[in-house]
Amino acid sequence: MTTPAAAHAENPYGLMAALEQGGVLAWAVFIILVVMSAASWYILFTKLFEQQKIFNQGRRARTTFWQSANLREGASKLDKNSAYRQLVDDGILAQEQHTKLTDPIDQHDWMLGSLARSQGAIASRLSSGLALLATVGSTSPFVGLFGTVVGIIRALVKIGASGQASIDVVAGPVGEALIMTALGLAVAVPAVMGYNWLMRRNKAVLEELARFSNDLHGYMMSGGTVKPVTAGAAAAAAARPGAASPGGTTASGTATGMTNPGPKKI
């Protein structure tokens, strides 16, 4: 009397049996699909980690950078290899280079171009590897279809050789064909979904970087007088006695004079 485990091991229509019957072509298709699946999952997890890291850097930049006295102090508070640190460093470098131009252009245009190039470099790094996900998502069904075609051909050959189309003759090749189709879809669906998800998250990351870059440009062009009001700074200002309201009056209702603190040194 055979045990259930032995009966399962002797199943002639399982995955391993189908691969053994399919020969070199079936094994080649299976290995290609496994490699494509492993590569797509690797890209998915590494990109998620990279994007989450930039989101965390953005939260730290909003709470610490704009509280600094100048750009260099603020840059020192950012992570050394962060995207936000790169924007600040490139902005400082562009401001220094502008004074060395023999035929200077408008500083606003020069700074906008420099910050745009920096954002483009960050966007290029974020999108690296996503082409592989798109390739896997679009080609793995066809790789599985190739295995399906091979399985159907083998079934037809068996029918022709035996002269009959009984189920025991064609079950193996047809099962192999269906397994390859299923494997191709199992590889393609996560790759396509992961690609679309990462692209949406990349868009959110780049929007945050563009917002920070715009604030940074205004800060540098105004000598440090124009900068976004953070939640912590707004709360601290509101808690101070006699703090000015947005209309230019204090909490007691008296008008306040506004002075320009003048440009700050970088």
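The model is predicted, so local features need pLDDT of at least 70 and side-chain atom pairs count only at pLDDT 80 or more, while totals for chains, interfaces and linings use all residues. Residues are numbered from 1 along each chain as its sequence is written, and side-chain values use heavy atoms, with hydrogens and water left out.

**The cores**

Select Phe-65, Leu-71, Tyr-84, Val-88, Leu-209, Phe-212 and Leu-216. These are the residues with the most contacts inside the largest nonpolar core, which has 24 residues. A nonpolar core is a set of buried Ala, Val, Leu, Ile, Met, Phe, Trp, Tyr and Cys residues joined through side-chain atoms within 4.5 Å. Buried means under 20% relative accessible area, exposed over 50%, and partly exposed in between (1.4 Å probe, protein chains only). Now colour the elements that give two or more residues to this core: α2 (15-64), α3 (71-76), α4, α5 (107-127) and α7 (167-221). Helices here are DSSP runs of H or I with at least four residues, numbered from the N terminus. Next, select Val-29, Ile-43, Leu-44 and Met-180, which are included in a second, separate core of 16 residues. In soluble globular proteins, nonpolar side chains tend to be buried together.

**The rings**

Show the side chains of Phe-65, Trp-66, Tyr-84, Phe-212 and Tyr-219, which ring pairs link into a cluster. Rings of Phe, Tyr and Trp (its six-membered ring) pair if their centres lie within 6.5 Å; planes under 30 degrees apart count as stacked, over 60 as edge-to-face and the rest as tilted. The count by this rule is 7 aromatic pairs.

**The salt bridges**

The structure has 6 salt bridges; each is a side-chain nitrogen of Lys or Arg within 4 Å of a carboxyl oxygen of Asp or Glu.

Start with Glu-50 and Lys-47, whose closest N and O atoms are 3.1 Å apart in a salt bridge. Both residues lie in helix α2, 3 residues apart, about one turn of the helix. Is Lys-47 buried or exposed? Lys-47 counts as buried because its relative accessibility is 6%, whereas Glu-50 is partly exposed at 25%.

Go on to Glu-208 and Arg-62, a salt bridge with its closest N and O atoms 3.1 Å apart. This pair links distant parts of the chain, with Glu-208 in helix α7 and Arg-62 in helix α2, 146 residues apart. Glu-208 is partly exposed, with a relative accessible area of 26%, and Arg-62 is partly exposed too, at 39%.

In helix α4, select Arg-85 and Asp-89, which are 4 residues apart, about one helical turn. Their side chains meet in a salt bridge (3.2 Å, N to O). Arg-85 is buried at 19% relative accessible area, while Asp-89 is partly exposed at 33%.

**Gln-86**

Gln-86 lies in helix α4 (residues 83-98) and counts as buried, at 19% relative accessibility. Which residues does Gln-86 touch, not counting those up to four places away in sequence? They are Ser-118, Ala-121, Ile-122 and Arg-125, where contact means heavy atoms within 4.5 Å.

**The surface patch**

Finish with Phe-142, Leu-145, Val-149, Ile-153 and Val-157, which form a nonpolar patch on the surface with about 490 Å² of accessible area together. Such a patch joins nonpolar side chains (Val, Leu, Ile, Met, Phe, Trp, Tyr) within 5 Å, from residues with over 30% relative accessible area and no salt bridge; like charges are joined within 9 Å. Accessible areas come from the Shrake-Rupley method with a 1.4 Å probe, and for residues only the protein chains shown count as cover. Leu-145 lies in helix α6 (residues 130-162) and counts as partly exposed, at 44% relative accessibility.
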